[in-house]
Amino acid sequence: RNSMPKNTARRLVQRIDSLDATLVASMAMEVLRGHGPDNIVRNTAAMSHVLELLEHTTGAHRATPLLNQLLRHPEKRIRAKVTLLLGKINHNLKWAEERLHDTDPRVRASAVEAMWGVNTPEALRVFDLAVQDPHGRVAVNAALGMYRLDELSAPDYLIQMLAATDPMRKAGAAWGMGQTGDPRFVPVLSSALRDTDLTV
């Protein structure tokens, strides 16, 4: 499992349309059985692959009970992946809003990303809350969600983030602008090329 490239695994699952989420869930349970302090790194890598498989299986919603268990996984990256997958499955906006109180910014950012494309007033409320998040990744994901809903304030949020003092927040804003492909951002991005921080 560890030697198979991710893109190969993805193509394999896409070809096997009948692969059932319950099969992938059983694979995840096998990984969890071997969980322990000495195996955390190995199991984290294995679980990441399992979650990627699950994302491309048919009927992934049937693995929801397992995914809910994995929200308590000790590894932050796993919790973030699970949050993104669960959010895409259920599109439960109240659930997403509750995730905004999580202490891990990865989880908060994943909850916001999972709501991209949901065009409702409730989704906009989630984005409105998250765009004020102190962590740049969360705020940028929220601004992108707003942009995809044609919210007029979204470009202004990204421009404000690019003018911040935190290099990571500025870099995130530049990434978000690039995701939009909007030529209106070219002038401010051109100015940011002169930033002395290589991250930006």
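Visitor: Why does Asp 150 count as exposed?

Guide: Its relative accessibility is 65%. Exposed means over 50% relative accessible area, buried under 20%, partly exposed in between (1.4 Å probe, protein chains only). So Asp 150 counts as exposed. A word on the source: this is a predicted model, where local features need pLDDT of at least 70, side-chain atom pairs count only at pLDDT 80 or more, and totals for chains, interfaces and linings use all residues. Residues are numbered from 1 along each chain as its sequence is written, and side-chain values use heavy atoms, with hydrogens and water left out.

Visitor: Why is His 91 called partly exposed?

Guide: His 91 has 39% relative accessibility, so it counts as partly exposed. His 91 also has a positive phi of about 45°, although it is not a glycine.

Visitor: What makes Asp 182 count as buried?

Guide: Its relative accessibility is 11%, so Asp 182 counts as buried.

Visitor: What joins the side chains of Asp 182 and Arg 184?

Guide: A polar contact of 2.6 Å. The term means a pair of N or O atoms within 3.5 Å; within protein, one must be able to donate a hydrogen and the other to accept it, and residues adjacent in sequence count only if both atoms are side-chain atoms.

Visitor: Which residues does Asp 182 touch, not counting those up to four places away in sequence?

Guide: Tyr 147 and Met 177. Contact means heavy atoms within 4.5 Å.
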